[in-house]
Amino acid sequence: RVLFRSLVIAAGLDFTSLFGGDDDWANPYLNAGAEYEIADLLLIGASFRNIINDGRSIGAYVSFIGVEGLTINGGFTYNGSIADVAGNLASVGAAFEKDAISIGADAVIALGGDEDADFDLYLGASFGYQISDPFAVSVAASFKSDFDADEDGWELGISPALTFTLNDNNE
């Protein structure tokens, strides 16, 4: 059994930043990350977004992958944003896949940092079913909350989907 299996390192340019995706389009985002797998049990990773400009974001996470089909994640991001929650973020999540069924849940909470964020908490859940080789159905639900809002400081979302995937021959 291999104790230390693999190290993956990647880097790239945020494509939208080159074409005015942000106000400061002259400073493109340079991103990088690394992930290390230990003994079919854990993934440990880090990511760096917008390395060369102000507003950089740094994240680290650990994923338990020791049970087939199950992934449990935990992480922290400095100066990040996801699903309208921004600042210094703590996140947890889990996903399970067995045969044609997939189930997932995740939570993100802002621990400070960006006071102008729309929301401070994100909770999400999803369920998917592979009907046949090209067809799948899924539904995702989310709840977001702004702890500082006087009223109407929350949002609920439901997203159903039907997916058709082309096969290897693009038929």
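1. A pair of aromatic rings is described by the distance of the centres and the angle of the planes. Phe135 and Phe164 make a tilted pair, at 5.1 Å centre to centre and 55° between the planes. This pair links distant parts of the chain, with Phe135 in strand β9 (residues 135-145) and Phe164 in strand β10 (residues 154-164), 29 residues apart. Phe135 is partly exposed at a relative accessible area of 35%, and Phe164 is partly exposed at 47%; buried means under 20% relative accessible area, exposed over 50%, and partly exposed in between (1.4 Å probe, protein chains only).

2. Phe143 and Trp154 form a stacked pair, 6.4 Å centre to centre with 25° between the planes. Phe143 is in strand β9 and Trp154 in strand β10, so the pair ties together parts eleven residues apart in sequence. Phe143 counts as partly exposed at 29% relative accessibility, whereas Trp154 counts as exposed at 54%.

3. On conventions: residues are numbered from 1 along each chain as its sequence is written, and side-chain values use heavy atoms, with hydrogens and water left out. Because the model is predicted, local features need pLDDT of at least 70 and side-chain atom pairs count only at pLDDT 80 or more, while totals for chains, interfaces and linings use all residues.

4. The protein has ten strands and zero helices; helices (H or I, at least four residues) and strands (E, at least two) are DSSP runs, numbered from the N terminus. Of the 171 residues in the protein, 23% are buried. Among contacts between residues at least 6 apart in sequence, 31% join residues at least 24 apart, where contact means heavy atoms within 4.5 Å.

5. The largest nonpolar core consists of six residues: Val85, Leu89, Val108, Ala110, Phe119 and Tyr122. Such a core is a set of buried Ala, Val, Leu, Ile, Met, Phe, Trp, Tyr and Cys residues joined through side-chain atoms within 4.5 Å. Two or more residues of this core come from each of β6 (85-98) and β7 (101-110). In soluble globular proteins, nonpolar side chains tend to be buried together. Apart from neighbours within four places in sequence, Tyr122 touches Ala83, Val85, Asp106, Ala107, Val108, Ser142, Phe143 and Lys144.

6. The largest pocket holds about 720 Å³ of space. On a 1 Å grid over the protein atoms alone, a pocket is an open set of points where a 1.4 Å probe fits, with protein on both sides within 12 Å along at least five of seven lines, and lining residues have an atom within 4 Å of a point. Grid points are joined across faces, edges and corners, and the volume is the space filled by probe spheres set on the points. There are 32 lining residues, of which Ser57, Thr77, Gly80, Ser81 and Leu89 lie nearest the centre. Elements giving two or more residues to the lining are β2 (30-38), β3 (42-49), β4 (57-64), β5 (70-82), β6 and β7. Strand β5 gives the most, with nine residues. By class, the lining has 14 nonpolar, 15 polar and three charged residues (Ala, Val, Leu, Ile, Met, Phe, Trp, Tyr, Cys and Pro count as nonpolar, Asp, Glu, Lys and Arg as charged, and the others, Gly among them, as polar).

7. Gly74 lies in strand β5 and is partly exposed, at a relative accessible area of 28%. Val62 is twelve residues away from Gly74 in sequence, with 5.6 Å between their C-alpha atoms. Beyond neighbours within four places in sequence, the contacts of Gly74 are Ala60, Tyr61, Val62, Ser91 and Val92.

8. Ser138 is in strand β9 and is partly exposed, with a relative accessible area of 31%. The C-alpha atoms of Ser138 and Thr163 are 8.2 Å apart, for residues 25 apart along the chain. With neighbours within four places left aside, Ser138 is in contact with Phe127, Gly128, Ser159, Pro160 and Ala161.

9. Most residues other than glycine have a negative phi. Ala39 has a positive phi, near 50°, and Asp40 also has a positive phi, near 50°. Ala39 is buried at a relative accessible area of 10%, while Asp40 counts as partly exposed at 35%.

Terms used: Phe/Tyr/Trp six-rings, centres within 6.5 Å; stacked < 30°, edge-to-face > 60°.
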